[in-house]
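I opened this notebook page to record what I looked up in the structure.

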Amino acid sequence: MTESLVRVQAAAEQWNAQELLAWAAREFGDKAALASSLGAEDVVLIDMVSRIGASFAIFTLDTDFLFPETYELISSIEERYGISIERVHPQLNPEFQAREFGEELWKRQPDRCCQMRKVEPLTQRLKASSAWITGIRREQSPTRANARKLEWDAKFGLVKLNPIADWTEAQVWEYIRLHRVPYNPLHDRGYPSIGCTHCTRAVLPGEDPRAGRWSGFSKTECGLHVVETEAGPKLVPAHSAGAGER
Ligand code: SF4
């Protein structure tokens, strides 16, 4: 298995997104999970998964701070594809977090807030899976530039699949329009990257697409895709450096 996966890792770079998803369906079945923030890339993957009839679990990290448009999109996607998207919540609800750590933690310690509301719930959720699927693309940021289509995720200890790692933003939107995939209307209002309400703003013309995330902080990533540099037991490490997140 170890050697075959390493061989697959090399071969997977030549596969298109559907081929990689089909391989994952055969290899992992419902032990593979699609982690979806309902961004443009994620709705593309949900559509693809639906078309190939894969039985992957689909979940979203519901921080309790998502935009109303995002919650509405979850419902629209569920209705359109006849699926159920698992909402993975943090251990602390917003009120308890405020009591324990003070009001508006995201304004003072966004890393701590993301750790509790995103990274820890993801860590727990991924324990039930053998592989996870994400919509990260190499051109999204320098920290994602070295993403492989198939990686060993040493941080969470499972295989990670990035089926559209080599796609451009134009390809994403071409797919959405061609297949009439439901998407978050905030994308049409200047929000290329959408996370929690407290930490996402629209970007201005000419700004980096991720400038609207944690604006005013040096923070650019929430830690979901932080890559351990140590080689994993089955595959070479994911990226040579850096982190990425939805
Ligand atoms: S994006 Fe902001 S509100 Fe959401 S978990 Fe991270 S710090 Fe907290």
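The entries below follow the order in which I consulted the model.

I note that the model is predicted. I looked up the strand order and found 6 strands in an open sheet, arranged β3-β2-β1-β4-β6-β5 with mixed pairing. I recorded β3 (86-88) and β5 as the edge strands, each pairing on one side only. From one strand to the next, I read an average twist of 30 degrees.

Entry 2, the pairs. I began with strand β2 (residues 57-61), which is parallel to β3 and joined to β3 by 3 bridges. Here I found Phe59 opposite Glu86 in β3. I then turned to strand β6 (residues 158-161), which runs parallel to strand β4 (residues 131-133) with 3 bridges between them. Strand β5 (residues 150-153), in contrast, is antiparallel to β6, and I noted 4 bridges for this pair. Which residues have Leu161 as a partner in β6? I found Ile133 bridged to Leu161, and Leu150 standing opposite Leu161.

I followed helix α2 (residues 17-28) across β1 (32-35), β4, β5 and β6, and recorded its angle to β4 as about 155 degrees.

Entry 5, the ligand. I listed 13 residues around the ligand, the closest being Cys113, Cys114, Arg117, Cys196 and Cys199. Helix α7 (residues 110-126) contributes the most to this shell, with 5 residues.

Note on methods: Residues are numbered from 1 along each chain as its sequence is written. This is a predicted model: local features need pLDDT of at least 70, side-chain atom pairs count only at pLDDT 80 or more; totals for chains, interfaces and linings use all residues. Two strands pair if DSSP finds at least two bridges between them. A residue is near a molecule or strand if its C-beta atom, placed from the backbone, lies within 6 Å of it. Axes are lines fitted to C-alpha atoms, for helices over the stretch in contact, and angles run from 0 to 180 degrees between N-to-C directions. Two residues are in contact if their C-beta atoms, placed from the backbone, lie within 7 Å.
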